[in-house]
Amino acid sequence: MSGVGPVEPGEDTLAREAPPPRPRGRLALRYERHRRTVLALAAALAVLAGGGYLYASRPQPRPAPPPPYPSQAIDLVYMAPVTNSPGAAAGGFGFTVLLSVRSGPPVTVTRLTQPYDGLSVSSVPAAPFQTKSHSTRKIIVTLRVTECEKAPRNPGLPFLDVTLRNARAIEAHSFILGTRYAQDLSRALEVACGNDSR
């Protein structure tokens with residue numbers, strides 16, 4: 001033989017193809033019989049797993065910001081003295097304040113107090129009371145002198161302690177009501193305790 005080329009079968013030889021090997025074992029036989037079903041189920045599981053991964057890793061929306069603290073959502077403003085407030089006749093001083101809730105959830109006033117031992121506080125409406133968002137409530141506060149010795153003669157910057165509550169927090173906050181309130185309170189205390197000597 002001379003030359004280059006494919007090997008050819010010789011005379012009286014037959015080229016036979018070997019049959020494909022048969023799977024062995026029960027599991028292999030089952031797979032062979034149900035191969036299309038198994039492949040379809042595997043593809044469906046792969047699609048479900050990919051979809052679940054994409055759903056779980058999707059971008060989450062930002063949570064809403066928390067509501068403001070109650071003291072940051074309100075304004076408390078001194079308006080004027082009230083002569084016919086309950087308790088004003090018996091050594092008391094009544095005045096009105098406006099409570100405005102600028103934003104956020106409703107704010108509840110749970111307590112009104114003041115820092116002086118010789119004075120007691122009451123209000124109309126009586127605490128606790130609630131004010132809705134974007135609304136204003138008129139409050140009549142009455143300070144009554146209980147002991148002139150402990151009441152301040154000339155309070156410089158008197159304040160009102162208010163305990164506030166909303167959906168976020170409970171806060172005790174002191175509000176300085178301004179110079180007009182300080183002057184009106186000084187006059188009222190002079191009238192109430194003017195005859196007492198210290």
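Predicted model: local features only at pLDDT ≥ 70, side-chain atom pairs only at ≥ 80, totals over all residues.
**Entry 1**

I found an open sheet of four strands, in the order β5-β3-β7-β8, with antiparallel pairing. Which strands stand at the edges? They are β5 and β8 (170-176). Each has a single partner strand, so one side of each is left without a neighbour in the sheet. I noted the twist too: it averages 35° from one strand to the next.

Then I looked at one pair inside this order. β3 and β7 pair in the antiparallel sense over five bridges. I looked up T113 and found D161 of β7 standing opposite. My reminder: strands of a sheet pair through backbone hydrogen bonds, either parallel or antiparallel.

**Entry 1: the nonpolar core**

Next I turned to the largest nonpolar core, which has 29 residues. Which of them touch the most other members? I listed L76, F93, F95, V162, L177 and Y181. Strands β1 (74-82), β2 (92-101), β3 (107-113), β6 (135-145) and β7 (159-165) each supply at least two residues of this core, and so does helix α4 (179-193).

Leaving out residues up to four places away in sequence, L76 touches V97, L98, L99, L160, V162, F175 and L177. The general rule I keep in mind is that nonpolar side chains tend to be buried together in soluble globular proteins.

**Entry 2: two helices**

How do α1 and α2 cross? The axes of α1 (residues 26-33) and α2 (residues 35-56) come within 4 Å and cross at roughly 85°. An angle of 65 to 115 degrees counts as roughly perpendicular, and α1 and α2 are therefore roughly perpendicular to each other.

I checked who meets whom. From α1 come Y31, E32 and R33; from α2 come R35, V38 and L39. I sorted the residues of this contact into three nonpolar, three charged and no polar.

Where is P125? I found P125 in the loop between β4 (119-124) and β5 (129-131). The bond joining V124 and P125 is a cis peptide bond, with omega about 0°. P128 lies in the loop between β4 and β5. A cis peptide bond joins A127 and P128, and omega there is about 5°.

H134 sits in the loop between β5 and β6. Is H134 buried or exposed? Exposed means over 50% relative accessible area. H134 has 65%, so I logged H134 as exposed.

Methods
Residues numbered from 1 in each chain as written. Heavy atoms only, no water. Axes fitted to C-alpha atoms, helices over the stretch in contact; angles between N-to-C directions. Parallel < 35°, antiparallel > 145°, perpendicular 65-115°, else oblique. Contact = heavy atoms within 4.5 Å. Nonpolar A, V, L, I, M, F, W, Y, C, P; charged D, E, K, R; others polar. Core = buried A, V, L, I, M, F, W, Y, C linked by side-chain atoms within 4.5 Å. Buried < 20%, exposed > 50% of the residue type's maximum accessible area, 1.4 Å probe, protein only. Pairing = 2+ DSSP bridges.
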